[in-house]
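This briefing concerns the structure shown below.

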Amino acid sequence: MVEKLPDQAADDYQRGLGTRQIQMLAIGGTIGTGLFLGAGENIAKAGPSLILTYAVAGLMLFFVMRALGELLAYRRAEGGFAGYAREFLGPFWGYATTWTYWIIWVTTGMAELTAAGKYVQKWWPDVEQWQTALVALLVLFVVNLISVKLFGELEFWFAMIKVAAIVMMILVGIGVLVFGFSDAGKTAEVGNLWSHGGVFPEGISPTLMTLQMVMFAYLGVELVGVTASEAKDPEKNIPRAINALPVRFALFYLGSLLVILSVVPWTEFRGGASPFVLAFDKIGIPGGADIVNFVVLTAALSSCNAGGLYSTSRMLRTTGVNGDGPKALAKLNGRGVPVLTVVISTLVMGIGVIVNAVVPEKAFEYITSVSTGGAILVWTVILVAHMVYRRRVAAGTAPKSPYRMPWAPYTNWIVLAFFVFVTVTIAWEADTRIALYVMAGWLVVIAAGWPIVRRNSQDATKVKVALAEESTSA
C-alpha cells in the first residue's frame with residue numbers, strides 16, 4: 001500500500017475560517033478591480049468580443065483549479081501550491097514559487113489601492129490617488145493584525161456586497177432590456193452586442209491584446225489553496241468551492257458583461273472608468289452610480305484585503321517555516337497571526353502609494369501587467385506539479401486523490417500552451433512589456449538568493465521524516 005505523506009498545513013494556525021467564509025473568500029478573490037475597473041479599457045479596445053475572452057480564460061483557470069484541488073485533496077501542504085512545488089519539483093521551485101506568489105500579490109495589492117484612489121475621486125476629485133491608497137492600506141493593516149476570524153468576517157461581508165451588487169446590476173439591466181424603463185431604455189437591446197461593428201468591431205488582434213487584463217481579473221482564484229491551512233473541514237469545503245467556480249464565472253463575469261453591453265453600446269465605454277458606474281449613469285437611477293461606485297470601491301478593498309495582505313503574509317511566513325527565509329518570519333502571535341509578515345507586506349505595498357504619487361496615470365497598467373506575468377508563472381508551476389504527481393500515482397509511489405482533474409494530462413498541456421500565448425501578447429505591447437522585464441529581473445534575484453537559502457531549505461524527504469517523527473512522539 002502506498003504511504004501518504006502527512007498533512008503539512010501548520011497546526012499552529014487557528015482554524016478560524018468556516019464554510020461560508022471559505023465560499024465567500026473564493027468569490028471575493030475572483031471579483032476585483034480587473035473586472036470592475038480594467039473591463040472599461042478592454043471594452044473600449046475590443047468591444048463585445050471581450051466576453052469571449054473572459055469565457056476562454058475562465059475555462060483555462062478552472063482546469064488550473066481542478067489540478068490544485070486534486071493536490072489539496074491528496075494532502076494539505078504548508079504554503080498551499082508552493083508546498084506541492086517543493087514536493088514534486090524540488091526545493092528550488094518551492095522556494096521560487098513562495099517568493100514569487102508573495103511579490104505578485106504585493107503588486108496586486110498596489111493595483112487595488114490604485115483603483116480605490118480612482119473611485120474616491122468620483123466623489124472628491126481633489127483627493128489625490130496616493131492619499132486614498134495610504135489610508136486604505138493602514139485600515140486593512142490593522143484588521144489583518146487582529147485575528148484571522150476578523151479577517152474572514154470582513155472578507156465575507158466585502159464579498160456579500162459584491163455578489164449582491166452584481167446580481168442587482170444584472171436584474172436592473174434585464175429590467176431595462178425587457179421593460180424599457182430609465183434613460184437608457186430607448187437604446188437598450190441585446191442587438192447592441194453585434195450591431196455596432198459586429199462582435200469583433202476592432203478585429204481579432206485587439207481582442208487578443210485584452211488577455212493580459214482578463215487574466216489579471218481572474219487573479220485570486222487560487223486563494224482557496226492558500227486558505228486550506230486555516231479552513232475548517234477543508235476536505236469538503238475546498239472541492240465545493242472549486243466546483244462552484246464555473247457558475248460564478250458565468251454569472252459574475254459573463255452575465256454582468258452581457259447585460260451591461262446590451263444596455264449600453266460598447267462605443268460609449270472608455271478606459272480609466274468603471275463600466276458598471278458608467279452603465280448606471282446612463283440608466284439614470286437616482287443615486288445608482290454612487291451606489292455602484294461604493295461597491296467597486298469595496299471590491300478593490302476586498303481584493304487588497306484577501307490577496308494583498310492575507311495571502312502575502314501567509315506566503316511570507318512559509319519562507320520562514322521551510323527555511324527559504326529568516327526563521328523569524330515563521331512566528332505567530334497568541335491569536336495565530338503572523339504579525340511580522342503582515343508588517344513587511346504592508347511596508348512593501350507602500351511602494352504602490354509612491355507609484356500613485358509619481359505616475360498616477362500609468363500606475364494601474366504597470367502594476368497589473370507585472371502581477372499577471374507572475375501569476376502565469378505560479379499557475380504554470382501548479383499544472384506541472386500536478387503532472388508529476390499524476391506520474392507518481394501511475395507509478396504506484398503516491399496515493400490517488402479522491403478529487404480528480406478531468407482529462408489530465410491533456411488539459412494540462414492545453415492550458416500551458418494558452419499561457420505561452422498570453423505571454424506573447426504581454427510582450428507585444430510596449431506598456432505591458434515592462435512586466436517581462438520586471439519578471440526577468442525578479443528571476444535573477446530569485447536565482448541569486450537560492451545559494452544563500454539552499455542549506456536551510458527543506459526538501460520533501462526531510463519534511464516527511466520530520467512530520468513522521470512528530471507524529472510518533474505525539
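How many residues does helix α13 have, and how far does it reach from its first C-alpha to its last? Helix α13 (residues 245–263) has 19 residues and reaches 26 Å, close to the 27 Å expected at 1.5 Å a residue, the expected span being 1.5 Å times one less than the number of residues. The model is predicted: local features need pLDDT of at least 70, side-chain atom pairs count only at pLDDT 80 or more, and totals for chains, interfaces and linings use all residues. Residues are numbered from 1 along each chain as its sequence is written, and side-chain values use heavy atoms, leaving out hydrogens and water.

**Helix α13**
- A kink of about 30° is centred on leucine 254; the bend is the angle between axes fitted to the seven residues ending there and the seven starting there.
- Helix α13 is largely enclosed by the rest of the structure, because 14 of its 19 residues are buried (under 20% relative accessible area, 1.4 Å probe, protein chains only).

**Overall fold**
- The protein chain has 20 helices and 0 strands (DSSP runs: H or I of at least four residues, E of at least two).
- Buried residues make up 60% of the 474 residues in the protein chain.

**Nonpolar core**
- The largest nonpolar core holds 132 residues (buried Ala, Val, Leu, Ile, Met, Phe, Trp, Tyr and Cys joined through side-chain atoms within 4.5 Å), and Phe36, Tyr54, Tyr84, Trp379 and Phe419 touch the most other members.
- Helix α6 (residues 91–123) contributes the largest share of this core, 16 residues.

**Asparagine 293**
- Asparagine 293 lies in helix α15 (residues 288–321) and is buried, with a relative accessible area of 2%.
- A polar atom of the asparagine 293 side chain lies 2.9 Å from the backbone oxygen of tyrosine 119.

Note on methods. Buried means under 20% relative accessible area, exposed over 50%, partly exposed in between (1.4 Å probe, protein chains only). A polar contact is a pair of N or O atoms within 3.5 Å; within protein, one must be able to donate a hydrogen and the other to accept it, and residues adjacent in sequence count only if both atoms are side-chain atoms.
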